[in-house]
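Good morning, and thank you for coming.

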Amino acid sequence: MIPANRAPAQPVRWQTLWRDAITDPHELLRLLDLSAHAATLLPDADTGFALRVPRGFAARMRHGDPADPLLLQVLPQAAELGEVPGFTRDAVGDLDARAASGVLHKYQGRALLIATGSCAVHCRYCFRRHFPYAEETAAANRWERALAHLRADASIREVILSGGDPLSLSTPKLAELTDALATIPHIRRLRIHTRLPVVLPERVDAEFFDWLAALPLQRVVVLHANHPGEIDDSVASACAVLRDAGATLLNQAVLLRQVNDNAEVLCALSERLFEAGVLPYYLHQLDRVTGAAHFEVEDARALALLERLRERLPGYLVPRLVREVAGAPCKRPLADNDGNA
Ligand SMILES: *Cc1c(COP(=O)(O)O)cnc(C)c1O
Ligand code: SF4
């Protein structure tokens with residue numbers, strides 16, 4: 001059970017909050033007193049990737065500020081529509097790496113399961129915005145094929161649940177999967193990559209705590225927060241529950257122009273994460289996916305920012321600056337590519 005002092009008095013079911021997310025850009029702008037900016041901010045054609053943001057996350061945005069760093073992460077913009085050379089639909093080579101339906105086995109010892117295509121929030125820079133989820137999710141009644149792959153390869157020590165956001169699956173559905181994983185002796189660790197504790201912390205409810213705490217595997221939860229303003233007290237509480245359930249908490253962020261591409265913001269993000277019991281893990285260079293070019297930060301600037309972080313933060317609060325390179329055996333540190341950091 002969640003310790004009594006952390007259980008909300010009248011919990012609202014997370015599924016209800018999920019369904020109640022904002023999906024109309026005009027409604028979001030109205031709530032933020034930005035309706036007057038609609039004509040300049042919103043694209044005049046369909047971007048093919050709808051707005052979606054939970055109300056609790058939108059409540060952390062500043063009113064009257066069209067450049068709010070949380071808003072920029074979710075608001076469809078005209079800049080997404082142009083084709084930019086070098087930006088493609090499958091920027092990280094996922095379609096080549098598929099080993100069985102729903103399994104991406106690119107790196108030694110770790111297999112990534114695309115548990116679902118759903119997310120509570122739609123991040124505009126997301127490299128999976130063009131992913132053919134309908135065919136590729138393991139949960140579409142195809143745990144069996146994914147599990148067969150995991151069972152057959154004894155080099156796999158760690159299963160990573162990704163997506164989409166794996167915590168968009170119900171806890172009983174997750175339990176179905178982990179019950180099966182528990183029968184595979186070579187699998188020691190379960191890692192969950194999720195943005196839900198940040199954008200919809202109510203997801204970390206009593207039922208979820210019970211499931212996570214009882215897992216017979218070591219557990220790692222890799223959160224995804226890009227800006228310190230995303231981490232309010234409700235997020236910190238959710239993190240505390242995850243830690244009480246025995247999870248090691250890490251964070252990955254994406255370096256995003258106008259959102260977090262300055263040293264003060266990145267330092268504050270690391271400090272705020274640590275206050276919530278989370279260590280910074282990766283700072284990703286953007287995947288060069290169609291529609292996200294306006295978020296890109298040049299490598300030279302990214303490396304300079306990292307240097308500022310090293311000067312200001314203890315080493316354990318400096319994230320690893322990496323890029324995903326199609327076909328590479330691991331995420332590539334930027335410093336290695338350029339040899340000048
Ligand atoms: C990022 C990723 C991993 C995890 O890599 P780590 O460096 O261990 O965090 C595993 N599999 C795939 C397919 C990935 O994209
Ligand atoms: S939550 Fe993660 S997978 Fe979902 S849209 Fe955002 S970045 Fe992409």
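A search of the whole structure finds 20 salt bridges, where a salt bridge is a side-chain nitrogen of Lys or Arg within 4 Å of a carboxyl oxygen of Asp or Glu. Please note that this is a predicted model, in which local features need pLDDT of at least 70 and side-chain atom pairs count only at pLDDT 80 or more, while totals for chains, interfaces and linings use all residues. Residues are numbered from 1 along each chain as its sequence is written, chains are lettered from A and ligands numbered from 1 in the order in which they are written, and side-chain values use heavy atoms, with hydrogens and water left out.

Let me take three of these pairs in turn. In one of them, the side chains of Glu27 and Arg55 meet, at 3.0 Å from N to O. Glu27 belongs to helix α2 and Arg55 to helix α4 (residues 55-58), so this pair ties together parts that are 28 residues apart in sequence. Helices and strands here are DSSP runs, numbered from the N terminus: helices are H or I with at least four residues, and strands are E with at least two. Arg55 is partly exposed, with a relative accessible area of 32%. On this scale, buried means under 20% relative accessible area, exposed means over 50%, and partly exposed lies in between, using a 1.4 Å probe and protein chains only.

Which helices does the salt bridge between Arg272 and Asp233 tie together? The side chains of these two residues meet at 3.7 Å, N to O. Arg272 lies in helix α13 and Asp233 in helix α12 (residues 233-244), so the pair ties together parts that are 39 residues apart in sequence. Arg272 counts as buried, at 19% relative accessibility, whereas Asp233 is exposed, at 60%.

The next pair stays within one helix. Arg310 forms a salt bridge with Glu307, and their closest N and O atoms are 3.0 Å apart. Both residues lie in helix α14 (residues 299-312), 3 residues apart, which is about one turn of the helix. Arg310 is partly exposed, with a relative accessible area of 39%, and Glu307 also counts as partly exposed, at 32%. Elsewhere, salt bridges that share partners join Asp20, Glu27 and Arg55 into one network.

I turn now to the cavities. How many cavities of 30 Å³ or more does a search of the whole structure find? The search finds 2. On a 1 Å grid over the protein atoms alone, a cavity is a set of points where a 1.4 Å probe fits but cannot get out, and lining residues have an atom within 4 Å of a point. Grid points are joined across faces, edges and corners, and a volume is the space filled by probe spheres set on the points.

The largest cavity has a volume of about 80 Å³. Its lining includes Asn251, Leu266, Tyr282 and Pro319. Strand β7 (247-254), helix α13 (263-275) and strand β8 (279-284) each supply at least two lining residues, and α13 gives the most, with 4. The lining divides into 9 nonpolar residues, 2 polar and no charged. In this count, Ala, Val, Leu, Ile, Met, Phe, Trp, Tyr, Cys and Pro are nonpolar, Asp, Glu, Lys and Arg are charged, and the others, Gly among them, are polar.

The second largest cavity has a volume of about 40 Å³. Among the residues that line this second cavity are Glu80, Glu83, Phe87 and Thr290. Here the lining divides into 5 nonpolar, 3 polar and 2 charged residues.

Finally, let us consider the backbone. Most residues other than glycine have a negative phi, and most peptide bonds are trans. The peptide bond from Gly163 to Gly164, however, is cis, with omega near 10 degrees. Gly164 is found in the loop between β4 (158-162) and α9 (171-181). Asp33, although not a glycine, has a positive phi of about 60 degrees. Asp33 sits in the loop between α2 (25-31) and α3 (38-41) and counts as exposed, at 56% relative accessibility. Gln258 likewise has a positive phi, near 70 degrees. Gln258 lies in the loop between β7 and α13, and at 57% relative accessibility it counts as exposed.

Key:
1 Å grid on protein atoms, 1.4 Å probe; cavity = no way out; pocket = protein on both sides within 12 Å on 5 of 7 lines; lining within 4 Å.
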